[in-house]
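Hi,

Here is the structure I promised to send over.

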Amino acid sequence: STAEETVSGANPVLPHVPGYRLTRYLGMGAAGKIYLAVPNGEERPVVIKVMFPPSGMTQETVKLFFREFDAARNVVHPNLARLLGAGELARGGGLFLASEYVGGDDLARYAARHGGGRLLSGQALGIMAQITGAVCKLHGRGMLHLDLKPTSVMIRDDGRVVAKLTDTGFPAFLEMTGLQPLLYPGRRLEKLGFLAPEQLTPGTRPGT
């Protein structure tokens with residue numbers, strides 16, 4: 001599915017998320033389904049990620065999720081899509097995250113549209129500098145991303161190219177709690193070319 005696919009309000013793929021009115025299904029990420037939404041009483045759009053069903057999720061893991069969110073939402077950088085909210089769905093339906101809506105294309109789609117899959121060196125260096133700054137900000141707060149790949153970078157081009165890194169902190173949360181293989185088995189194959197060596201070495205903790 002694409003960002004242009006509007007889903008009818010009667011379509012059951014739009015779940016009820018407390019505090020938000022979901023308006024459109026945007027696609028599926030590594031950790032959950034992604035929707036465009038509007039917070040109750042506001043007009044600015046946000047992105048809601050509803051995490052995949054929490055098989056193996058314990059109450060302690062849920063507490064860790066909210067602690068991780070509290071830390072990540074305070075990391076502010078112009079090239080990080082800011083986290084805005086988090087919560088639990090009713091009747092044990094799982095967890096959700098609300099984050100800044102960037103718009104535009106992810107880096108893979110942007111490169112395909114503007115260079116046939118390959119960007120000019122000046123374009124690539126400009127985007128790389130922005131994302132490097134965002135990653136350095138995370139590392140300065142003791143946080144890892146662990147899922148840095150073209151589809152994790154959103155590009156907005158309104159005459160000036162702005163790159164924003166998404167999923168701040170939560171791929172690391174999933175990996176380090178051992179929930180990653182439970183939540184999306186097999187999807188690691190899609191990102192093998194972007195993993196750090198320590199993520200491929202059994203028993204090695206990323207960032208050490």
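Let me start with a charged pair: Arg-113 makes a salt bridge with Asp-105, their closest N and O atoms lying 3.2 Å apart. By salt bridge I mean a side-chain nitrogen of Lys or Arg within 4 Å of a carboxyl oxygen of Asp or Glu. Arg-113 is exposed at 56% relative accessibility, whereas Asp-105 is buried at 12%. The cut-offs there are under 20% relative accessible area for buried, over 50% for exposed and partly exposed in between, with a 1.4 Å probe and protein chains only.

Before you go further, some housekeeping. This is a predicted model, so local features need pLDDT of at least 70 and side-chain atom pairs count only at pLDDT 80 or more, while totals for chains, interfaces and linings use all residues. Residues are numbered from 1 along each chain as its sequence is written, and side-chain values use heavy atoms, with hydrogens and water left out.

Back to the salt bridges: the whole structure has 6 of them. Among them is Glu-60 with Arg-67, at 3.7 Å between the closest N and O atoms. Both ends are partly exposed, Glu-60 at 48% and Arg-67 at 46%. Another one joins Asp-70 to Arg-73 at 3.4 Å, N to O; Asp-70 has a relative accessible area of 36%, and Arg-73 is also listed at 36%.

Now for helix α2, which covers residues 107-115 and has Leu-107, Tyr-110 and Ala-111 as its buried residues. These cover an arc of only 100° around the axis, so they sit on the same side of α2 (the arc is taken from the directions from the helix axis to the C-beta atoms). They pack against β6 (105-106), α3 (121-140), β7 (153-157) and β8 (161-165), where contact means heavy atoms within 4.5 Å. At the start of α2, a side-chain oxygen of Asp-106 comes to within 3.1 Å of the backbone nitrogen of Ala-108. Just after the helix, Gly-116 has a positive phi of about 60°.

As for the overall picture, the protein chain has 5 helices and 8 strands, with helices being DSSP runs of H or I of at least four residues and strands runs of E of at least two, numbered from the N terminus. Of its 208 residues, 42% are buried. Looking at contacts between residues at least 6 apart in sequence, 52% join residues at least 24 apart.

Cheers

Note on methods:
Polar contact = N/O pair within 3.5 Å; in protein donor to acceptor, adjacent residues only side chain to side chain.
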